[in-house]
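Trainee: I would like to learn how to read a few features from a model. Can we take them one at a time?

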Amino acid sequence: MSSIVCYNSAASRALLGGMGDLAKAAASSLGPCGRTVLIEHVGKLTPNVVKDGSAICRAIEYREPEKEVGRKLLALLGKEIERDFGDGVSGTLVATAAVLEAVVRALAAYVEPKSIVEGLRLGVEDARAALEDLRRPVTVDRIRRILPNAVFSEGAIAVLVSDAFREVGAEGDVRAEIADTIEDSLEIVQGARYEKGYLSSAFVTDKRSMRVEFDAPLVLLTDRVLDDFGAIAPALAVAAEKERPIVVVAGGFDENVRAGLIMNNARGRVRCAAVQAPAYGETLSDFVADLAVLTGARAFLEGRGDSLATLVAGDLGGCERIFIDERSTLIRGGQGSEEALRQRIHEVRAQLAFHEHKTKSFTSKMGLQETAGDRIRFLQGKYAEISIGGRNDLTIKYRLALANKAIGVTRVLLRGGAVPGGGTGLSVAARRLRDRARISVDPGVKSGLLALAEGLAKPQKVILRNAGGETAGGESLGRWSGLPWAGIDATTGNEVDLWAAGIADPFELAIKVVDCAASLAEMICRTGALLVKSPVDIGFSPEEAAATREVM
């Protein structure tokens with residue numbers, strides 16, 4: 001297999017080729033008037049109808065290796081946006097591709113790359129300041145007004161999501177699943193749930209639902225990997241003496257420990273179940289300690305040097321009921337005190353504030369917020385489950401994606417506040433960058449500022465174009481009646497107060513768009529060569545090769 005090598009501007013143009021096509025496909029779905037995209041399934045399943053850039057990222061592939069590298073770079077960015085926010089992928093792709101296109105033009109004109117990078121960094125600072133000036137806090141009551149615009153007039157989904165957060169609170173646990181009927185529904189479930197199930201189906205007590213159901217079980221907690229069955233034998237003896245089932249939650253289980261628990265359960269010596277502890281790595285001990293507060297147990301933590309050899313009956317926690325299926329564990333009526341739970345939630349928030357103050361990276365802060373949010377939602381002891389129905393598979397999959405998008409948007413809005421929606425906030429930031437470029441004397445710095453400004457203004461222009469409006473109309477946004485939140489409602493073409501109309505974008509998402517577009521543009525500026533492997537033409541496709549493969 002030979003290699004293809006591109007240098008300097010040729011390398012930049014090759015990367016931009018794959019990125020540009022992906023951004024154009026995503027642009028068609030951007031905004032309230034954007035169209036859906038029909039994606040063929042690889043197998044014989046129902047095609048997907050989508051209206052988000054993340055699915056488009058996964059669907060597009062190129063035969064040309066140079067374009068494929070560019071597509072993968074942009075798709076990786078889209079995957080990160082989807083993971084952190086649940087929405088905003090299409091707008092991010094459009095903005096980033098526009099910035100990169102402007103940077104490549106500047107490089108082709110022999111503008112100094114180092115000066116362009118300096119201009120991009122100055123632009124990021126100015127854009128962040130502009131967005132911070134526009135930022136407004138969002139309450140749960142305000143969400144009902146904003147969500148219909150976020151889920152493209154799916155009013156039923158907007159109402160369900162807003163009602164769910166009203167029940168469980170701004171930091172509550174809300175999730176969406178496929179309904180058994182064509183109707184949508186909302187259920188508030190009492191209990192703390194985390195996404196780890198039983199280690200073996202041998203523990204199952206209800207064969208019909210394939211889950212473990214215990215009344216008044218004891219709970220043993222440790223973040224250690226259990227490699228000696230004798231270490232948990234005292235806990236099993238306590239359970240047998242009290243004639244109560246026991247659930248062992250640990251950081252891991254060796255095969256001999258799991259086999260010992262299965263054997264004790266099968267022979268009826270003690271009813272038991274083994275469950276992996278939530279989380280991994282650094283957060284494992286924190287989550288196990290949270291479980292201890294919830295169930296009134298003692299957490300045997302490796303970091304503190306705790307040993308199961310010192311276990312006594314009082315170290316075991318408990319709850320009223322526990323439900324464990326293949327994927328999750330639900331704990332109801334934990335024996336931990338309400339005061340201890342409130343204190344633990346306060347500690348988690350205090351830890352978050354402390355680490356946020358020490359951390360300067362925006363991405364790291366978001367990771368801290370996400371982890372702390374997961375722990376708080378777990379400790380609150382209830383969650384909302386939204387069931388999404390529909391008349392066919394296409395409709396259900398489309399509406400389920402919208403529901404997950406609405407949940408993600410709501411959580412980010414409540415956490416970080418909002419800026420004017422429809423790309424208006426980014427356009428306001430772009431104007432500030434253009435103002436700074438006018439007074440810049442360095443042509444490279446000016447090119448960097450203008451490149452970032454062009455990209456930040458692009459999403460709004462695309463939204464207006466998809467709505468049938470003139471893109472030049474965006475130049476007047478933010479000046480209507482002197483209000484900072486003035487802008488155009490793309491569905492009507494009228495200038496409105498975007499805050500009153502409920503047209504808002506998450507502040508954190510807007511900041512992420514600025515950071516990601518600038519960082520990828522800096523990478524393009526520093527790229528001097530592109531090396532890819534040239535595919536070998538064997539005369540037929542992999543599908544044809546698979547179809548002619550001999551069956552043994």
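Trainee: Which residues does Gly-197 touch, not counting residues up to four places away in sequence?

Mentor: Keep in mind that this is a predicted model. Leaving out residues up to four places away in sequence, Gly-197 touches Ala-274, Val-275 and Gln-276, together with Ile-324, Asp-325, Glu-326, Arg-327, Ser-328 and Thr-329.

Trainee: Where is Gly-197 found?

Mentor: Gly-197 is in the loop between strand E6 (192–194) and strand E7 (212–215). Glu-326 is 129 residues apart from Gly-197 along the chain, yet their C-alpha atoms are separated by 4.6 Å.

Trainee: Does Gly-197 count as buried or exposed?

Mentor: Buried means under 20% relative accessible area. Gly-197 has 10% relative accessibility and therefore counts as buried.

Trainee: Now a strand. Which residues of E8 lie on one side, and which on the other?

Mentor: The general idea is that side chains in a regular strand alternate between the two faces of the sheet. In strand E8 (residues 218–222), Leu-218, Leu-220 and Thr-222 are on one side, while Val-219 and Leu-221 are on the other. Both faces are covered, and five of the five residues of E8 are buried.

Trainee: Which strand does E8 pair with in the parallel sense over four bridges?

Mentor: That is strand E10 (residues 246–250). Within this pairing, Leu-220 stands opposite Val-248. E8 also pairs in the parallel sense with strand E13 (residues 299–300), over two bridges, and there Thr-222 stands opposite Phe-300.

Trainee: How many bridges join E8 to strand E14, and in which sense do they run?

Mentor: Two bridges join E8 to E14 (residues 317–324), and the strands run antiparallel.

Trainee: Last, helices. At what angle do H7 and H13 pack, and how far apart are their axes?

Mentor: Two packed helices are described by the angle between their axes and the distance between the axes. For helix H7 (residues 155–168) and helix H13 (residues 393–416), the angle is about 45° and the axes are 10 Å apart. H7 and H13 are therefore oblique to each other, and H7 passes H13 in a right-handed crossing.

Trainee: Which residues meet in that contact of H7 with H13?

Mentor: From H7 come Ala-156, Ile-157, Val-161 and Phe-165. They meet residues of H13 including Arg-399, Leu-402, Ala-403, Ala-406 and Thr-410. By class, the contact has nine nonpolar, one polar and two charged residues.

Technical notes. Residues are numbered from 1 along each chain as its sequence is written. This is a predicted model: local features need pLDDT of at least 70, side-chain atom pairs count only at pLDDT 80 or more; totals for chains, interfaces and linings use all residues. Side-chain values use heavy atoms; hydrogens and water are left out. Axes are lines fitted to C-alpha atoms, for helices over the stretch in contact, and angles run from 0 to 180 degrees between N-to-C directions. Angles under 35 degrees count as roughly parallel, over 145 as roughly antiparallel, 65 to 115 as roughly perpendicular and the rest as oblique. A crossing is left-handed if the near helix is turned anticlockwise from the far one by less than a right angle, and right-handed if clockwise. Contact means heavy atoms within 4.5 Å. Ala, Val, Leu, Ile, Met, Phe, Trp, Tyr, Cys and Pro count as nonpolar, Asp, Glu, Lys and Arg as charged, and the others, Gly among them, as polar. Buried means under 20% relative accessible area, exposed over 50%, partly exposed in between (1.4 Å probe, protein chains only). Two strands pair if DSSP finds at least two bridges between them.
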